[in-house]
Amino acid sequence: MFFALRLISPVAYGARAAIGKALATLALCLSAAAAQAEPLTVVALGDSLTAGYGLPEGDGFVPQLQAWLAAKGSDATLINAGVSGDTSAGGLARLDWSLTPETDALIVALGGNDLLRGLDPAVTRANLDAILGKAAERDLPVLLIGLPGPGNFGPEYKTQFDAIFPDLATRYGTLMQPNFMAGLGATDPAALRSLMQADGIHPNREGVARIVAQLGPAVLDLLARAQP
């Protein structure tokens, strides 16, 4: 009985191997391109300033920021996880279900209601620390946005509160903006009043627009960090 042996030349084998390697590389490139093509999803965790309290739909912080980003060429999707009246403890309590599997980045803008209630800055710090810790566990880039402490609780309170945001940003390597309201830029009470709602606490549509213009570049930096 005779057996016919088919010999494969080293050249042919090498060509097949090269083609196989090229196809594998192409598949990886296509997979990476598909991942980059997916719009990023950013959760904005906050209180009434994030939620858009007192404003018509579309005039609040998240919708205006979404429009600002679109005008800059970004197709990122923002999820409004702002709840009016929420303290840092409330934000921590609902963090796990706010961060869906699709979340690529997180904005944290909490602490205003802690200030209004005169809560111990150590409590606020612990809550924000826990929020940032959970985000770090998921490798989510974060933009932490603070508010300056008031002077009516005394200089020690203000010093302790103001230190929370830069300290935590340094610890976790997050992006940080020290003052959510900095975009208003007005020091004259009369000028500031024109940018606020009647309660004197929440910005009106124009006030939000100025806040978005000031914070927008930091959000673009956040999106850059969230790229695959």
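Aspartate 96 is exposed, with a relative accessible area of 52%; here exposed means over 50%, buried means under 20%, and partly exposed is anything in between, using a 1.4 Å probe on protein chains only. Its salt-bridge partner is lysine 134, with the closest N and O atoms 3.6 Å apart. That pair ties together distant parts of the chain, since aspartate 96 sits in helix 5 (residues 95–98) and lysine 134 in helix 7, 38 residues apart. At 28% relative accessibility, lysine 134 counts as partly exposed.

A quick word on where this comes from: the model is predicted, so local features need pLDDT of at least 70 and side-chain atom pairs count only at pLDDT 80 or more, while totals for chains, interfaces and linings use all residues. Residues are numbered from 1 along each chain as its sequence is written, and side-chain values use heavy atoms, leaving out hydrogens and water.

The structure holds seven salt bridges, each one a side-chain nitrogen of Lys or Arg within 4 Å of a carboxyl oxygen of Asp or Glu. Three of them are set out here.

| Salt bridge | N to O distance |
|---|---|
| Arginine 205 and aspartate 59 | 3.1 Å |
| Aspartate 86 and arginine 94 | 2.5 Å |
| Aspartate 96 and lysine 134 | 3.6 Å |

Aspartate 86 and arginine 94 are both buried.

Now for helix 8. Helices (H or I, at least four residues) and strands (E, at least two) are DSSP runs, numbered from the N terminus, and the protein has 10 helices and five strands. Helix 8 covers residues 155–172, and at 1.5 Å a residue its 18 residues should span 26 Å; the end C-alpha atoms are 27 Å apart, which agrees. That expected span is 1.5 Å times one less than the number of residues. A kink of about 30° lies at isoleucine 164, shortly before proline 166; the bend is the angle between axes fitted to the seven residues ending there and the seven starting there.

The buried residues of helix 8 are Tyr157, Phe161, Ile164, Phe165, Leu168 and Ala169. They pack against helix 6 (112–116), helix 7 (121–137), strand 4 (142–145) and strand 5 (175–177), where contact means heavy atoms within 4.5 Å. After the helix comes glycine 173, with a positive phi near 65°.

Overall, 42% of the protein's 228 residues count as buried.
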